Every structure is written in C-alpha cells, then in structure tokens.
Amino acid sequence: MEKCKYIFQKKWILIAIIIMTFALSGCGTSEEVSTSPQNLSFNVSNGSFSFDAIEGADTYLVGVSKIINASTGEILEGINGAVLTEIAEGNSEYLWSEQSGSATGIADNDRDGVISGTVVFREFSNSATTVGAVLSMTELPLGHYIVQAMAASNEEIQNPEPAYYEFTVGGTLESPEGFVAQINEQGNIQITAPNNYYFSCLTSTGLPNKIIIEVSDGTSVVDTIEISDFSYTNEVLGPTKSYNFTNQTVTGTAVLDTSIPYSIKVTAKGDGGEILDSSAAGYMATSTESTEFATLYDTYGEATVGVFDLKLLIGLDVDGNQIYELDASVNGVDIYKEFGTYETEAAVELIDELTTYPEGVILTFYTSKSDIGPVLDGATMNVVIGASMGGGMPPVTNTVYNLAAEGLSMEGNQVNFEASVASMGF
C-alpha cells in the first residue's frame with residue numbers, strides 16, 4: 001500500500017480556490033432564506049451526488065476534501081492548501097485540498113430542480129506539471145472526508161452557504177513495518193521510521209490517529225512512546241515536491257540496560273471505528289561490531305529481502321585469511337551481521353582499476369558467527385559483471401563485479417544475489 005504522489009499547479013489552484021470559497025462563505029448570510037443546498041446526498045460507492053437546486057443560482061460547485069488532524073493541518077495550512085473550516089457552529093476541521101475531488105460549473109440543465117453529477121478524484125502527484133491519475137471511490141486512501149456543495153456567487157446570490165456531507169473510507173491502516181531502534185549514549189531508545197512510511201500515510205494510504213511504540217524486555221513493556229503530532233516540512237527539488245516528517249526519529253525516556261535484548265512493537269492506531277489498527281515488529285540495531293579488513297576487495301554482493309538490504313563484503317584479515325562480512329540493514333541501520341571465511345582457487349586481479357576476482361570465478365563460503373541462522377554457510381557464489389551509475393553530466397555507467405547466487409535463505413525468506421543494474425535513482 002505504497003502510492004505517494006502530489007497534485008499541483010492548475011488542479012491544486014482550482015481546488016484550493018473551491019475550498020477557500022467554501023471556508024469564506026461558511027459564515028452564513030443575512031438573508032432569511034438559506035442559500036445552502038438542501039437534501040444533499042452522496043454515493044460513497046461511485047462518487048455521485050445530488051441536491052436541490054437553489055432559486056437564483058446559475059451554476060454550482062462540489063468539492064470533496066480530506067479531514068486531517070490539528071497538528072498536520074496547522075503545518076499544511078502554511079505550506080500547501082489546508083484550510084481551517086467551520087463545518088457547524090463550534091465544530092471546525094482542517095480540510096486538505098490534496099487527494100480531493102471536485103465537480104465545477106454544474107447547472108440544472110434539464111430544469112428538473114435537482115442538481116446531480118459525479119465527483120472526479122485524482123491520486124496524489126509530486127509533479128509540478130502533471131496531475132495524478134483518476135481514482136475510483138474504492139481507491140481513495142483511508143480517512144475521513146467531507147463533501148461540500150454550494151451555488152456559485154452571482155448578482156442574486158452574493159454570499160452562498162455550503163451544505164456538508166461527511167463520510168469515512170474505512171479499512172486497516174498501512175502496516176508500520178521497517179521501524180528501527182538503537183540505544184543512544186544516554187541509554188534511551190531512539191526509534192526511526194522508514195523514509196517513506198509517513199509520507200505514504202499522508203498522501204496515499206491514510207494517516208493514523210497516533211503511533212504507539214512499545215519497548216519490551218521479554219517480560220514486560222519498559223518504555224512507551226506515543227506520537228500524535230504528524231507535522232511536516234515541505235521540500236522542492238526541481239519539478240517535484242515532497243514532505244518531510246518532523247518526528248521521523250523519536251526518543252524514549254527510560255534508561256535501558258544495553259546487555260538485555262529488547263523487542264519493539266509499533267502500532268498505527270485507527271479511529272476506534274471504521275479505520276482499524278495495524279501493528280508490526282520493529283528492529284533493534286545489532287550490537288555486533290563490524291569485522292576489520294586488512295584488505296577489502298572491490299567484489300561485493302547485494303540483495304533485498306522484504307525490508308532488509310543485504311551487503312556482502314570480502315577481503316583479507318591481518319593474517320591473510322580470506323574473510324567475509326554480510327550486513328542486513330533496514331533504513332541504513334545494521335540489524336544482523338554474519339562473518340566467516342571463503343575459499344576459491346582463483347586470485348584477485350586489477351581489472352578496470354578494481355581489485356577483484358574475474359568474471360566466472362566461484363567462491364565457497366563458511367560461516368563462523370551469525371546474529372541469525374547462517375545465510376551463507378556452505379553456499380557457492382559466482383562473480384558476475386554488473387553496472388552502477390557514475391557521476392558527470394550526462395551520467396556515465398561504471399562496470400562493477402558482483403557476487404551472485406540464488407535460492408539462499410534468511411529467516412525462511414528466499415535470498416537472491418544478482419548483478420547490479422545501473423539506475424538514476426529517481
């Protein structure tokens with residue numbers, strides 16, 4: 001459930017204007033007759049709507065916006081299109097123009113006294129020039145939404161009032177996988193969310209009401225961290241725009257014993273109704289130190305298994321033994337390490353200015369220590385040629401020498417080391 005895009009320029013401006021119009025007109029009118037559309041209905045299955053026409057109105061506006069919490073709303077009000085709107089007396093909500101839908105210029109063309117149509121929703125787009133793809137109602141992110149319908153201003157109706165219809169897109173929140181934890185120098189737990197989790201929640205899958213992180217020592221919970229402040233800053237990189245979550249890393253208050261193995265549970269809390277909680281285990285950084293290579297070769301292996309990025313390094317220790325280190329990391333933090341030796345009948349060479357084994361050489365690995373069940377013990381790997389993206393403009397492609405093997409296993413999950421492929425990283 002990871003789709004994160006940004007709607008900008010013409011669509012953003014149009015919807016922002018619609019929401020601002022709704023917000024400014026919500027103060028009411030001095031006329032005795034209400035200009036708020038009556039009998040507003042909305043079909044949450046397909047986005048169709050209807051309401052009674054208003055005497056004197058020429059055209060109408062219908063907009064659908066997401067309701068977001070106060071901390072997020074206050075930030076987005078300043079950087080991108082959130083508006084604090086009074087829905088009813090004493091009830092104000094932050095409405096976000098992103099991930100919204102609209103229908104404009106609607107008229108009672110058939111003169112039957114009923115205004116009807118269908119709201120068009122679009123997914124989030126981070127492009128400054130291209131709007132997001134059209135979404136069906138079934139593809140809307142989880143969350144609370146509000147439909148606003150009102151007449152467009154004209155000489156007869158100069159202060160139109162909106163009508164509102166609220167609905168919820170329910171389901172289970174995105175699993176909070178990939179949170180990593182380390183104990184800092186003060187003995188407190190520091191927990192970092194994956195780079196894209198909160199951005200995905202904001203723009204694609206739905207924000208939780210709060211995040212609760214529990215740290216356990218195997219028998220009881222020793223520290224709890226609660227996050228309800230989903231504040232963001234924005235960043236513009238050329239033609240794209242993104243949000244950075246300000247509470248990406250949080251710190252606990254309990255002083256922990258570094259000799260105890262701790263476990264982490266992360267829960268994304270729903271609204272207690274239609275939006276359901278989701279939980280996942282976090283990952284503690286390994287306390288195992290990296291090995292010391294006297295000589296590190298330019299031959300290496302890379303693989304991805306779920307949230308783990310695996311990196312295999314080979315070389316020589318101070319005694320000339322052929323050794324390896326396998327690191328399994330999440331978001332750049334090493335969670336597991338494995339060490340051992342390897343054997344091969346070949347010798348390293350200087351190829352393409354790299355100290356490496358030639359293509360086709362076979363290495364056999366033997367594990368001496370592993371934080372988990374051994375991944376490489378007894379495995380054979382081949383040296384293959386891969387590619388990486390170098391610097392310069394235009395960028396150049398560099399030759400690399402990778403270790404490849406298929407059908408290995410880490411914690412019951414298949415591991416495939418393959419040749420690297422050059423990528424621009426966009």
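The legends below describe close-up views of a predicted model. Local features need pLDDT of at least 70, side-chain atom pairs count only at pLDDT 80 or more, and totals for chains, interfaces and linings use all residues. Residues are numbered from 1 along each chain as its sequence is written, and side-chain values use heavy atoms, with hydrogens and water left out.

**View 1. T267 in strand 19 (residues 263-269).** Strands are DSSP runs of E, at least two residues, numbered from the N terminus. T267 has a relative accessible area of 10%, so this residue is buried (under 20% relative accessible area, 1.4 Å probe, protein chains only). The side chains of T267 and S279 make a polar contact of 2.9 Å (a pair of N or O atoms within 3.5 Å; within protein, one must be able to donate a hydrogen and the other to accept it, and residues adjacent in sequence count only if both atoms are side-chain atoms).

**View 2. T367 in strand 29 (residues 362-370).** The side chain of T367 makes a polar contact with the side chain of Y324 at 2.7 Å and with that of E338 at 3.2 Å.

**View 3. The aromatic pair F49 and F51.** The structure holds 18 aromatic pairs (rings of Phe, Tyr and Trp, its six-membered ring, with centres within 6.5 Å; planes under 30 degrees apart count as stacked, over 60 as edge-to-face and the rest as tilted). The ring centres of F49 and F51 are 6.2 Å apart and the planes are at 15 degrees, so the pair is stacked. F49 is buried at 4% relative accessibility, and F51 is buried at 0%.

**View 4. The aromatic pair Y297 and Y357.** This pair is edge-to-face, with 5.8 Å centre to centre and 90 degrees between the planes. Y297 lies in strand 23 (residues 295-305) and Y357 in the loop between strand 28 (354-356) and strand 29, 60 residues apart.

How values were computed
Helices (H or I, at least four residues) and strands (E, at least two) are DSSP runs, numbered from the N terminus. Buried means under 20% relative accessible area, exposed over 50%, partly exposed in between (1.4 Å probe, protein chains only).
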